[in-house]
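This report covers pockets, salt bridges and a surface patch. The structure is shown first, and the notes follow.

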Amino acid sequence: MSEALGGSTARPELKKAIGGFGFFALAFGSMIGVGWITALGGWFEQAGPVGAIVAFAAGGTLMLIIGLCYAEVTPMLPVTGGEVAYAYKAFGTSHAFVIGWFLAFGYLSVSAFEAISVGLVLSFLFPQIDVLPLYEIAGSTVYASHLLLALVFTGFITAINYFGVGIASRVQVVLTVLFLLCAVLFVAAGIAGGDIENLAPYFGDSALGSGGLAGMLAVFVTVPFWYVGFDTIPQAAEERREDSPLHRLGLYVVLAIVFSTVFYIAIILGAGMAGPWRDIVGEDLPTAAAFSAAFESQALVRLVLVAGLIGLLTSWNGFFLAGSRVLFSLGRGRIIHESFGRTHARYGTPTKAVLFSGLVTFLSALLGRGAIIAFVDVGSFCIALAFLGVALSLIRLRKAFPDLERPYRMPGGSALAYVAAAGSLFILCVMLAPGSPSQLVWPLEWLILGALSVTGVGFWFAAAAYRQRVSEMDRARLILEDYAS
């Protein structure tokens with residue numbers, strides 16, 4: 001059956017329409033996003049170009065270790081919801097809810113980031129769209145025109161995810177290929193036409209009040225936000241086409257992380273060499289500003305911005321899909337309201353989860369560009385919490401279910417999983433420790449995290465009756481399908 005109603009425990013099914021390259025495009029396209037255009041100045045200001053490269057290389061190494069955990073557990077439990085299923089199998093219902101709830105917000109915070117950023121990118125291309133100022137948040141003006149763009153693009157992303165994962169996957173593949181073609185051109189121009197002397201001071205400028213180890217750490221702790229995306233593969237694993245080998249899901253995870261690490265380092269190097277990096281700190285779109293000042297070529301600048309817009313859409317589409325699947329998994333397992341776990345009879349998509357994700361994305365965009373950094377930081381916290389959950393789940397699953405079939409086994413065994421858990425826990429501690437240079441900022445970031453937590457508590461208690469209507473045996477089948485036993 002395609003829909004579960006009332007007290008029925010029939011398991012809603014999603015349409016299987018994602019192929020091999022579709023999974024890679026989903027992950028890599030989600031990881032690249034538009035942060036390399038909007039946040040590059042912050043990376044340079046905090047750590048300098050070489051410091052930022054070190055931070056991203058270290059972050060990429062940590063993400064690769066975490067990714068190897070996903071590479072083992074994803075084909076082992078290839079069901080929608082990924083982390084929800086792993087945590088449920090390992091620790092039970094309440095743990096699955098905590099991990100799933102914060103992960104869903106982590107994904108939707110990226111979606112909100114993109115909804116805000118679309119106005120920034122387009123206003124650089126067309127400055128005349130900055131009209132009808134409405135209000136200010138965190139010192140930044142929110143324009144009615146930007147909210148209209150956020151509404152239109154949110155509607156587009158919502159629509160392609162509503163009408164079928166096959167459409168969303170094909171759009172992702174086409175956009176990812178176009179992005180790669182654009183990126184290779186302007187990165188090569190920056191490195192070939194730039195000067196390595198422009199990278200100095202390499203590790204930040206003390207005159208800007210940053211740099212050194214503290215600056216690199218400040219960039220490093222945001223890495224979960226910039227690298228998150230490889231974990232979109234587990235969310236859609238159940239929608240794998242029959243001709244796509246199960247054991248390759250882990251390979252796509254690893255490839256996406258490696259390609260993204262190379263991409264981020266290349267972008268930092270290309271933009272840093274293009275011109276003196278201190279000249280672009282404080283720009284709304286520093287990457288575009290760097291190429292504009294260095295080459296005085298509007299064609300090259302437009303190429304950067306077009307690539308940014310494409311990256312924005314690939315990231316937005318991927319995270320929107322992933323966030324809606326996490327909510328769907330929680331609903332299908334009757335952990336939150338069961339309506340989130342229903343699928344469309346014709347399109348095979350989780351319609352309420354998709355519409356809810358669209359609503360949350362647009363409402364978040366109302367906070368404007370002043371909330372961009374807040375979404376980065378709070379989203380990083382939520383995603384790091386989910387990464388910690390996956391590492392601990394894998395450790396538990398190895399001990400409690402040693403006979404589960406594993407198409408891929410992580411090298412290093414549980415030791416590497418402990419490293420992944422320790423790295424994720426380190427990021428969480430740095431973001432919470434009083435006096436830390438990377439501590440969540442009061443009031444906006446703490447208010448966002450607090451609102452998320454309070455809303456989660458409300459969802460948990462509101463769904464208490466639905467959780468009690470199904471036995472744990474039925475819940476296990478709803479979440480894990482044939483992997484429940």
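How many nonpolar, polar and charged residues does the lining of the second largest pocket have? It has 15 nonpolar residues, two polar ones and no charged ones. The model is a predicted one.

## Second largest pocket

The volume of the second largest pocket is about 380 Å³. It is lined by 17 residues, and those closest to its centre are Phe105, Val360, Ser364, Leu452 and Thr455.

At least two lining residues come from each of H5, helix H14 (351-365) and H17. H17 gives the most, with six residues.

## Largest pocket

The largest pocket holds about 790 Å³ of space. Its lining consists of 34 residues, of which Ala39, Gly42, Gln46, Ile372 and Ile373 are the closest to the centre. By class, the lining has 18 nonpolar, 10 polar and six charged residues.

Helix H3 (40-76), helix H5 (93-125), helix H15 (372-400) and helix H17 (444-462) each contribute at least two residues to this lining.

## Salt bridges

There are 11 salt bridges in the structure. One of them joins the side chains of glutamate 72 and arginine 406, at 3.1 Å from N to O. Glutamate 72 belongs to helix H3 and arginine 406 to the loop between H15 and helix H16 (414-432), so the bridge ties together parts that are 334 residues apart in sequence. Glutamate 72 and arginine 406 are both buried.

Another salt bridge pairs arginine 332 with glutamate 238 (2.9 Å, N to O). This pair links distant parts of the chain, 94 residues apart: arginine 332 lies in helix H13 (residues 298-332), and glutamate 238 in the loop between helix H10 (232-235) and helix H11 (249-274). Both residues are buried. Arg332 and Glu238 also belong to a network of salt bridges that includes Arg11, Glu13 and Glu481.

## A pair within one helix

Arginine 475 and glutamate 472 form a salt bridge through their side chains, at 3.1 Å from N to O. They are separated by about one helical turn because they sit three residues apart in helix H19 (residues 472-480). Arginine 475 is buried, at 3% relative accessible area, whereas glutamate 472 is partly exposed, at 42%.

## Nonpolar surface patch

Phe21, Val174, Val177, Leu178 and Leu181 make up a nonpolar patch on the surface, and their accessible area together is about 440 Å². Helix H7 (residues 165-193) gives the most to this patch, with four residues.

Leucine 181 is located in helix H7. Its relative accessibility is 54%, so leucine 181 counts as exposed.

Conventions
Residues are numbered from 1 along each chain as its sequence is written. This is a predicted model: local features need pLDDT of at least 70, side-chain atom pairs count only at pLDDT 80 or more; totals for chains, interfaces and linings use all residues. Side-chain values use heavy atoms; hydrogens and water are left out. Patches are made of residues with over 30% relative accessible area and no salt bridge: like charges are joined within 9 Å, nonpolar side chains (Val, Leu, Ile, Met, Phe, Trp, Tyr) within 5 Å. Accessible areas come from the Shrake-Rupley method with a 1.4 Å probe; for residues, only the protein chains shown count as cover. A salt bridge is a side-chain nitrogen of Lys or Arg within 4 Å of a carboxyl oxygen of Asp or Glu. Buried means under 20% relative accessible area, exposed over 50%, partly exposed in between (1.4 Å probe, protein chains only). On a 1 Å grid over the protein atoms alone, a cavity is a set of points where a 1.4 Å probe fits but cannot get out, and a pocket is an open set with protein on both sides within 12 Å along at least five of seven lines; lining residues have an atom within 4 Å of a point. Grid points are joined across faces, edges and corners, and a volume is the space filled by probe spheres set on the points. Ala, Val, Leu, Ile, Met, Phe, Trp, Tyr, Cys and Pro count as nonpolar, Asp, Glu, Lys and Arg as charged, and the others, Gly among them, as polar.
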